[in-house]
Amino acid sequence: MSVADLPKIELHMHIEGAMPPAFARGLAQEKKIDISGIFAGDGSYRYRDFRDFLRVYEAATQVLQTPQDYYRLTRAVLEESAASNVVYTESFLAPDFCGGGDVTAWRDYLGAIEQAAAEMEREAGIVMRAIPTAVRHFGPEQAKRTARCAQETAGRFVTGFGMGGDEAMGRQGDFAYAFDMAREAGLRLTSHAGEWGGPESVREAIRDLRVARIGHGVRAIEDPALVEEIAEAGIVLEVCPGSNVALGVCRSLARHPIADLRRRGVKVTVSTDDPPFFHSTMRREFNDLSEVFGWEAGDFDALNETALEAAFCDDATREAVAKKLERDDA
Ligand code: ADE
Ligand code: ZN
């Protein structure tokens, strides 16, 4: 068996960012919206750099206008994940794109997404949990509205709260109120840091937002004392190697710090972030890590184990997913 065929746990994937370009074009045509400018000649998404990526990403989300659109999107995305043998996935959902941050609208969108997830669990065996996510460059006030959406729907399906977007907007601590709201609702926390921001952004996310996981966090490698602190505290990094290479955070996979972080005792996991934007799949992430770092099945088993421990789900779900990871030859 190739490592690419192994079962996988994914903790960091944005549902809008996982929208296949052909799906976006189809919806655009149905709704008569012109988004032709965001595609390259081969039909893939086209962007120049991170800022431009965020612009293209948000342009693509314009086609997602109803709960039914998200129902179809969720099915399409989970089908793709299941094809990579992902057995458990946590997906970031932005209430800003699902009803503009309004709680009533968000409930309708979330209902459609949860229905699609339940169907895909029955049909393909993939388990999904949702992490409502603030968009950082929309600012701290909007993040509070997002946290309210998350609070109101916290439960078996909505298990976490997160923040993505442009790290250049303010500081992590500016969003502490929203994260406090989510924590009080019993939600587990993660924030994008140390992707474009330096090691101090990772420190701030841990200190000011009290997150259990960091989205990316790879620039922690620039500060050896921080790496040690993260390892000791058991903070989990949601590392997305293909994303980091495609967006230019790292020059190549060979120069990516994931193996070094792991060697130094940091709990690392592997995810795709926004797969079609980066020509990535979980299958490809596993395959590339195996080729470049020589990781074998046992290494990927350990990654899955770390990810399952760090998953924002209840223990009954964790046990059910653990069974899906069991292999006859393990
Ligand atoms: N939203 C979707 N993908 C993102 C990324 N890589 N960084 C920050 N925000 C994002
Ligand atoms: Zn992300």
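Visitor: Quick one before we look: what's a polar contact?
Guide: A polar contact is a pair of N or O atoms within 3.5 Å. Keep in mind that this model is predicted.

Visitor: What about D273 and G165?
Guide: In D273, a side-chain N or O atom is 2.7 Å from a nitrogen of ligand 1. G165 uses its backbone instead: an N or O atom there lies 2.8 Å from a ligand nitrogen.

Visitor: Is the ligand buried or exposed, then?
Guide: Buried: on its own it exposes 260 Å², and the protein buries 97% of that. Ligand 1 sits in the largest cavity.

Visitor: Who else is around it?
Guide: The surrounding residues include H14, F50, F53, Y57 and H192. By type, the shell has 3 nonpolar, 5 polar and 3 charged residues.

Visitor: Which helix gives the most to that shell?
Guide: Helix α2, residues 50-61, with 3 residues.

Visitor: And why does the ligand lie between domain 1 and domain 2?
Guide: Because domain 1 (3-19 + 67-325) and domain 2 (20-63) both give residues to its shell.

Technical notes: Residues are numbered from 1 along each chain as its sequence is written. Chains are lettered from A and ligands numbered from 1 in the order in which they are written. This is a predicted model: local features need pLDDT of at least 70, side-chain atom pairs count only at pLDDT 80 or more; totals for chains, interfaces and linings use all residues. Side-chain values use heavy atoms; hydrogens and water are left out. A residue is near a molecule or strand if one of its heavy atoms lies within 4 Å of it. A polar contact is a pair of N or O atoms within 3.5 Å; within protein, one must be able to donate a hydrogen and the other to accept it, and residues adjacent in sequence count only if both atoms are side-chain atoms. Accessible areas come from the Shrake-Rupley method with a 1.4 Å probe; for residues, only the protein chains shown count as cover. On a 1 Å grid over the protein atoms alone, a cavity is a set of points where a 1.4 Å probe fits but cannot get out, and a pocket is an open set with protein on both sides within 12 Å along at least five of seven lines; lining residues have an atom within 4 Å of a point. A molecule sits in a cavity or pocket if more than half of its atoms lie within 2 Å of its grid points. Helices (H or I, at least four residues) and strands (E, at least two) are DSSP runs, numbered from the N terminus. Ala, Val, Leu, Ile, Met, Phe, Trp, Tyr, Cys and Pro count as nonpolar, Asp, Glu, Lys and Arg as charged, and the others, Gly among them, as polar. Domain bounds come from an automatic or database domain assignment.
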